[in-house]
Number of protein chains: 2
Amino acid sequence: MEAVHNYLTRRQPEFIDQLIDFLKIPSISSLPEHKEDVRQAAMWVSQRMENAGIENVKVLPTGGHPVVYGDWLHAGEGPTIMIYGHFDTQPVDPLALWHHPPFDPVIVKDRLYARGASDDKGNMLIPILAAEACLNTAGRLPVNVKFLFEGQEEIGSPELEAFIAGNRDLLTNDMVFSADGGQWRRNQPALLMGLRGLCALQVDVKGADGDLHSGTFGGAILNPIHALSQMIASLHDPNGSVKVDGFYESVATPSVEEREKVAAIPYDENAYCRDIGVSTVFGEPGYSTYERSWLRPTVEVNGIWGGFQEEGTKTVLPSTAHAKISCRLVPDQNPEKIREQVALHLEAVAPAGVSVSIQRLNATALPYRIPQDHPGNRAAETVHRALYGKAPYHIWMGGSIPFCGMMKKRLGVYTVNFAFGLNDEAVHAPNEFFRLSSFEMGQTAYVKLFHELAKSL
Amino acid sequence: MEAVHNYLTRRQPEFIDQLIDFLKIPSISSLPEHKEDVRQAAMWVSQRMENAGIENVKVLPTGGHPVVYGDWLHAGEGPTIMIYGHFDTQPVDPLALWHHPPFDPVIVKDRLYARGASDDKGNMLIPILAAEACLNTAGRLPVNVKFLFEGQEEIGSPELEAFIAGNRDLLTNDMVFSADGGQWRRNQPALLMGLRGLCALQVDVKGADGDLHSGTFGGAILNPIHALSQMIASLHDPNGSVKVDGFYESVATPSVEEREKVAAIPYDENAYCRDIGVSTVFGEPGYSTYERSWLRPTVEVNGIWGGFQEEGTKTVLPSTAHAKISCRLVPDQNPEKIREQVALHLEAVAPAGVSVSIQRLNATALPYRIPQDHPGNRAAETVHRALYGKAPYHIWMGGSIPFCGMMKKRLGVYTVNFAFGLNDEAVHAPNEFFRLSSFEMGQTAYVKLFHELAKSL
């Protein structure tokens, strides 16, 4: 292990330079004008994997952005693990809030600032470098490893499931480790027990054919903003529970064990509120804040618009009003079914005088759970204890990684979180950064993980 | 009268050319970058008034856009009337829907297309031309006339009341005729019995300090869009009546006579709905469509926005949500008081977990009523009967002309609608036009009005 450690230490300045190169590619998957940049990022990843000694590296097409595959399968009869990550990024707006240009990386002390630094380029580069260190020192990896990096995570991986289904033999493995994710705090590791699922829709409400004068017509026809507001208000009880028929029907009640795990995590409500700038938390009665955001489902309006939005006054009675809605889902809710229930609810409560149409958006993710004693989690915990000197928390995430649900559904394997992002790194926001110390520690952690898996599996 | 008539007929081509020149000035009062254009329009009007033989023409400053004053006061002991109109226009967006550039006037058969053609440049030029025709033929006007044209009607005339209050002697008159307004149909004149008043406010709802990830925080804090939707939904009963405390307190119940007048106006509900593209009318129970839009007050959301509004999905839990609200008011509602009641209502129903701030917008107008037998109305009716061969309908307008309430309050005089716009002329909308036949008939009508007033007052 000393040779690997020395290798990593010696090469760190180069690795940082390489990460900076990687971060300069504006691989924003949601914007059509960056399609070629996402492909460039795929090419960069495939080249870097080949340089690391990873074999069978291929950039493979999907219906959308490409995936990059590679493997090293000479460890013999032992298990084959897969490592997952993504090379696409979120958009950068609002650009004005960035202190440095988002694709012109800047290092300030331990922090490397750039869009994608933490989510997920810095994190996904880690296992490639760890593999290189093993291959360039021991000449081999302790376990068989397949790498799968995608370019559409930030848009919900719409074509990834079809790709997985169409490449079962290539992708078959015993368990996946996700280099997309993170730990609880700098000094506190975590095992991820689950993620929420997702479904989304847009509701479009139309009144008159065009915008009308609110003096001439106000009071005589229904304003679509009024209708939409009533429809949105009808989605929740005043206490925050969801009022959509059947919404909670398939929801697995959190177990005593789960609730104990959540309760074991320190929670300071004043700090929680202060950090995000709210006066109070708010949510479904009978659940704690972490339970509400991890173990309970939501219906959330992500955006609303209609009519006049500028300075001053324009007395218009608008023709249309719109809202974007998404739901976070927990076992055993089905994304398509919940999306349909919400759509039916909205259609049912739509008042006469407006017409309502619902767009079913294609961002979906299955809710995901992994057993605490899964061998991947046990191996991860061993590495955590060695690196951090303490046991990991057992946490959930309220967000969604569609890949995890897909792999379970299509290949029957679980995905273990093994990544080193931290929750202050402004992921999806201006001034995203990744810690260089996390970058280096992650490489060591992956080397240890490979060895631990060879031992324990 | 034949000389005047011949004069108008002979000069009509020039007058149309002059109106086209006037319409080329993009005098959009709401946009700061057009401030100089509004001033140019004022200069154009003052020059045209001088050319007409109107005296004491002055461009006078206000706190905002200037007004143009002029008079001709040599008719002797008789009454002094005032003529009102405005030379500013609405903005042109959405520009893409215009068939011709909005400030590059185009004539198609009887229609002159341009922003401001009907509202109000075409209409306000009419009395100037009528005065010129009298002065250039008879050498005099039958009555003393003051002209007052403003440049901020489309933004609610915020500085006009102070101007009137500060220039009482200059502006004193016996009654005003408004060249801003219209008739019922091409072949059906109307006397305007009243206008609704106006007040407006903006509500800003804030949750967290910044946009948050709807996975990480969804379910644990209150979404400001949810809060705003509930607040807006609380403004009305499902049947459309306003639920704001005290809102109807000062509302004068429509009299039997008023309701009879409204009922006398032909109303075809299918045509009404078809024209604007709605499936049904909607409003306060117990009132007809015209009663709802003329004699009853409203609370109307003119715009709403917050969070993500683009293509696809962005799972954001937005920091803020906003709405623009305006109320149409009827006697004896007070704009400032109603605005305060709505603000208090919104603050009272705001749920814990968000902060709400209310901006009181300065667009206000008093509700306005004029007696049917006002001498100005009687004179207008005589002209209508002569020109149209039929009695006018007695109508109200659901919109607001702040000037009318101000003049009544500050100088104690009523304003009589005497203008020739029609309701299909796309006022405030793309492809606004004015009918050249209305333009010419209006000139004749004003000449007749001057003579009628000299006779009857």
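In this predicted model, eight residues of domain 1 of chain A are in contact with ten residues of domain 2 of chain A. On the domain 1 side of this contact, the residues divide into three nonpolar, four polar and one charged. The domain assignment places residues 2-195 and 367-456 of chain A in domain 1, while domain 2 takes 197-251 and 297-365. Between the C-alpha centres of domain 1 and domain 2 of chain A the separation is 37 Å.

A pair of helices in chain A comes next. Helix α1(A), spanning residues 2-23, and helix α3(A), spanning 117-137, have axes that come within 10 Å and cross at roughly 145°. The crossing of α1(A) past α3(A) is right-handed. From α1(A), the residues that meet α3(A) are A3(A), V4(A), Y7(A), L8(A), F15(A), L19(A), F22(A) and L23(A). Their counterparts in α3(A) are A117(A), K121(A), G122(A), L125(A), L129(A), A133(A), C134(A), N136(A) and T137(A). By class, the residues of this helix contact comprise 13 nonpolar, three polar and one charged.

Another cis peptide bond links P331(A) and D332(A), here with omega about 0°. D332(A) sits in the loop between β13 (320-329) and α11 (335-349) of chain A.

Turning to the contact between chains, 72 residues of chain B are in contact with 71 residues of chain A. On the chain B side, the elements that give two or more residues are β10 (212-213), α6 (214-217), α7 (224-233), α10 (289-294), β11 (298-307), β12 (316-317), β13 (320-329) and β14 (355-365). The largest share of that side belongs to β11(B), with nine residues. Sorted by class, the side of chain B that touches chain A has 28 nonpolar, 35 polar and nine charged residues.

Strand pairing also joins the two chains. Strand β11 of chain A, residues 298-307, pairs with β11(B) in the antiparallel sense over five bridges. Within this pairing, G307(A) stands opposite G303(B).

Inside chain B, β11(B) has a further antiparallel pairing, with β13(B), over seven bridges. Here V301(B) has I325(B) of β13(B) as its bridge partner. Strand β9 of chain B, residues 197-206, also pairs with β13(B), in the antiparallel sense and over ten bridges. C199(B) stands opposite C327(B) of β13(B). How enclosed is β13(B) by the rest of the structure? Nine of its ten residues are buried, so β13(B) is largely enclosed.

Elsewhere in chain B, three strands make up an open sheet with mixed pairing, in the order β15-β8-β16. Its edge strands are β15 (368-369) and β16 (393-397), each of which pairs on one side only. Strand β8(B), residues 190-195, pairs with β15(B) in the antiparallel sense over two bridges. In this pairing, Y368(B) of β15(B) is the bridge partner of L195(B).

A few residues with positive phi complete the description. K109(A), although not a glycine, has a positive phi of about 55°. This lysine is placed in the loop between β4 (106-108) and β5 (111-113) of chain A. K109(A) counts as exposed because there are 7 C-beta neighbours inside 10 Å. In chain B, H428(B) is likewise not a glycine and has a positive phi of about 70°. H428(B) belongs to the loop between β17 (415-417) and β18 (433-435) of chain B. Is H428(B) buried or exposed? With 20 other C-beta atoms within 10 Å, H428(B) is buried, since the cut-off for a buried residue is 20 or more.

Returning to chain A, helix α13(A) covers residues 402-411 and has P402(A), F403(A), C404(A), G405(A), M406(A) and M407(A) among its buried residues. The residue that follows α13(A) is G412(A), with a positive phi near 70°.

Methods
Residues numbered from 1 in each chain as written. Chains lettered and ligands numbered in written order. Predicted model: local features only at pLDDT ≥ 70, side-chain atom pairs only at ≥ 80, totals over all residues. Pairing = 2+ DSSP bridges. Helix = DSSP H or I, 4+ residues; strand = E, 2+ residues; numbered from the N terminus. Contact = placed C-beta atoms within 7 Å. Nonpolar A, V, L, I, M, F, W, Y, C, P; charged D, E, K, R; others polar. Axes fitted to C-alpha atoms, helices over the stretch in contact; angles between N-to-C directions. Left-handed = near helix turned anticlockwise from the far one by under 90°. Buried ≥ 20, exposed ≤ 12 C-beta atoms within 10 Å, placed from the backbone. Domains from an automatic or database assignment.
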